[in-house]
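The sequence and the structure come first.

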Amino acid sequence: MNQQRRNVMRITAALGAAFAAGILHPRDVFAAEWNAAVFDAKSLAAAVKALGGDKFDVSADVAIIGPDIAENGAVVPVSVSSKAPGTDFMAILVDKNPSAMSASFNIPPGTEPAVTTRVKMASTSDVHALCRANGKWLVASKEIKVTLGGCGG
Amino acid sequence: MGNPMRIRASLTGDTVEVKVLMRHDMETGLRKDAAGALIPALFIKNLVAKHKDKVVLDANFGPSVSKDPFLSFKFKGGAAGDKVSITWTDTAGDSRTDEASIT
């Protein structure tokens, strides 16, 4: 075996040992799995189930900010935020879209549980901010009216 | 290698606000072209933001995130001059990493 192959073996073994020892957690190195079941869910309740939850509560600690009327359904700015302690996961769902889940965010310690992005809305719909805080699922919703649908269909 | 993103990371007090504008068509797979054929889905599905070596945001996007995705978030613990890097990966396996310094 030449030197290069010895090096590869050594590094692989070291990484493997680190994973096994829990020093290097896979979560640190690899991005979150894109879960098809979650992104295929047709409703908020189905998405929570696909995420491993079962019930969710409306909470005043979660806020969703967006326009009352979106002129262009292709680009609707939405902000979601949570004051609930221990928020480690947030998601934006658009009820009447072909798939309800738009985007989800893992929030590590040190990052504020507040994100803003832009989503497509097929038609007037409730938009939900879904958060997980200390294992509990919390929701806030807002109806956004859409004059020009954004899925191009 | 996808199109470059624009990243702004600004420090106010102890909080860094990051704004990113990515360039990506974010095709849903539901649109039809002029001939009536479905344009295949092709969208950013994952984004990882790091401050130096620490992950500060890990996002999964679906096709209903708008074209040319915009994202804004805040984290604590950054100092002026530190690097913030953003990496996205799309459903075709393409990816892009850009970085910016905190100002």
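## Strand pairing across the chains

Val115(A) has Phe73(B), in strand E5 of chain B, as its bridge partner. The strands concerned are E7 of chain A (residues 111-119) and E5(B), which run antiparallel and are joined by four bridges. Strands pair here if DSSP finds at least two bridges between them; strands (E, at least two residues) and helices (H or I, at least four) are DSSP runs numbered from the N terminus.

The model is predicted: local features need pLDDT of at least 70 and side-chain atom pairs count only at pLDDT 80 or more, while totals for chains, interfaces and linings use all residues. Residues are numbered from 1 along each chain as its sequence is written, and chains are lettered from A and ligands numbered from 1 in the order in which they are written.

## The contact between A and B

Chain A gives 31 residues to the contact and chain B gives 28, where contact means C-beta atoms, placed from the backbone, within 7 Å. On the chain B side, strands E3 (44-51), E4 (54-61) and E5 (70-76) each supply at least two residues.

## Two loop residues of chain A

Pro67(A) sits in the loop between strand E2 (62-65) and strand E3 (69-70). Pro67(A) is partly exposed because 13 other C-beta atoms lie within 10 Å (buried is 20 or more, exposed 12 or fewer, partly exposed in between). Beyond four places in sequence, Pro67(A) contacts Val76(A) and Ile144(A).

Lys42(A) lies in the loop between helix H3 (36-40) and helix H4 (44-50). Lys42(A) is also partly exposed, with 14 C-beta neighbours inside 10 Å.

Conventions
Contact = placed C-beta atoms within 7 Å.
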